Amino acid sequence: MSSDIGVSVGDSYTNEAKAGGSDASRIAEVKTWLASQFDALGKDVPEFEYTPRSVAHLHYLATVSQSKTQAARIVATDFRQKAAEYRSQAARIREILDSVGLAQDSLPSNVVSSSQVLANVANLLNIRDTELSSFLVAMGDISLRKTVVEEKRAEVQKEFKVLLDYTRKALSRLTFLKRTLAQLEDDVAPCEAQMENWQTNLAIMISKERQYLQQYSNYKAILNRVGYSPEISHGVLVEIAEHKKELEKKTKPILDTLRSYQDLPPDKALAALAIEDKKRQYAAADKYLEDLLSSTLAT
């Protein structure tokens, strides 16, 4: 009701503003309304500047306040009238009860208490009379509401159990995560020390790698410079050394024989023949050694 009054007042105020009401009359109305409001509180109206905007806003508030006050007066008058009617009706019912001997003072205390209980129950059930049918209807309504409430309660309990199960599982997981976190926090210091050790070793290994790479390049340059090829392996060199030892064993008697010719008689022709023969033998042995080395390198 108050909202409808406010809307109608706002529309009327808008129409009035559009119609171009007098500013002086609105200021007078605002001053009168402010004075009445502050006088009711026992205070004086504070000083302020009456600008067009403030006057328009205060005039709107005054109009709404007066409309609501008038509406409250109408409602209060209606309530007073109804209360007077109820009092007169109660007096009339009291006179009727007194005339038939059912006055409250003449009734037994248990009847009065029962009547009060009956009236309280009727008020509690929100019924307008104390007829049995009214009580039955109200009790049926309460039973239906009770059934609905019980169903909702069962659903809520079911959801509560599910949520409780979820909560327990969440708490268990939280406890496990806390333990895991504590264990990880305990392992942080050893892991950091191990990481530092690994970083130190890694730096050393990187330095060694650079050193080994440099040495490898140096050795490779030396091997290229001396004519090393991948075909010359350690096994091949060992075989060549063994063949060399065998050839040395074979050529050693020949060299010893040549050395013995140094003591030959000074017969030039025989000496020349002997020397030529030994040279041929030495050349044949040398050729055999070269052939053997070539065949070994080829295999």
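This is a predicted model: local features need pLDDT of at least 70, side-chain atom pairs count only at pLDDT 80 or more; totals for chains, interfaces and linings use all residues.
Select helix H4 (residues 109-125) first, and within it pick out Val 112, Ala 122 and Leu 125, which are buried, a word that here means under 20% relative accessible area, while exposed means over 50% and partly exposed lies in between, with a 1.4 Å probe and protein chains only. Seen down the axis of H4, these buried residues fall within an arc of 160 degrees, so they line one face of the helix; the arc is that of the directions from the helix axis to the C-beta atoms. Now turn to the other side of H4, where Ser 109, Asn 123 and Leu 124 are exposed.

Residues are numbered from 1 along each chain as its sequence is written, and side-chain values use heavy atoms, with hydrogens and water left out. Helices (H or I, at least four residues) are DSSP runs numbered from the N terminus, as are strands (E, at least two).

Next, colour the chain by pLDDT, the predictor's confidence in each residue from 0 to 100. The mean over the chain is 80, and 83% of the residues reach 70 or more.

Move on to helix H2 (residues 23-40), and select Arg 26, Val 30, Trp 33 and Leu 34, which are buried. Looking down the axis of H2, you find its buried residues within an arc of 100 degrees, so they line one face of the helix. The face turned away from that buried side carries the exposed residues Ala 24, Thr 32 and Asp 39. After H2 comes Gly 42, whose phi is positive, near 75 degrees.

Finally, select Lys 244, Leu 247, Glu 248, Thr 251, Leu 255, Tyr 282, Ala 285, Asp 286 and Leu 289, which line the second largest pocket. Helix H6 (234-260) and helix H7 (268-298) are the elements that give two or more residues to this lining, and H6 supplies the largest share, 5 residues.

Terms used: On a 1 Å grid over the protein atoms alone, a cavity is a set of points where a 1.4 Å probe fits but cannot get out, and a pocket is an open set with protein on both sides within 12 Å along at least five of seven lines; lining residues have an atom within 4 Å of a point.
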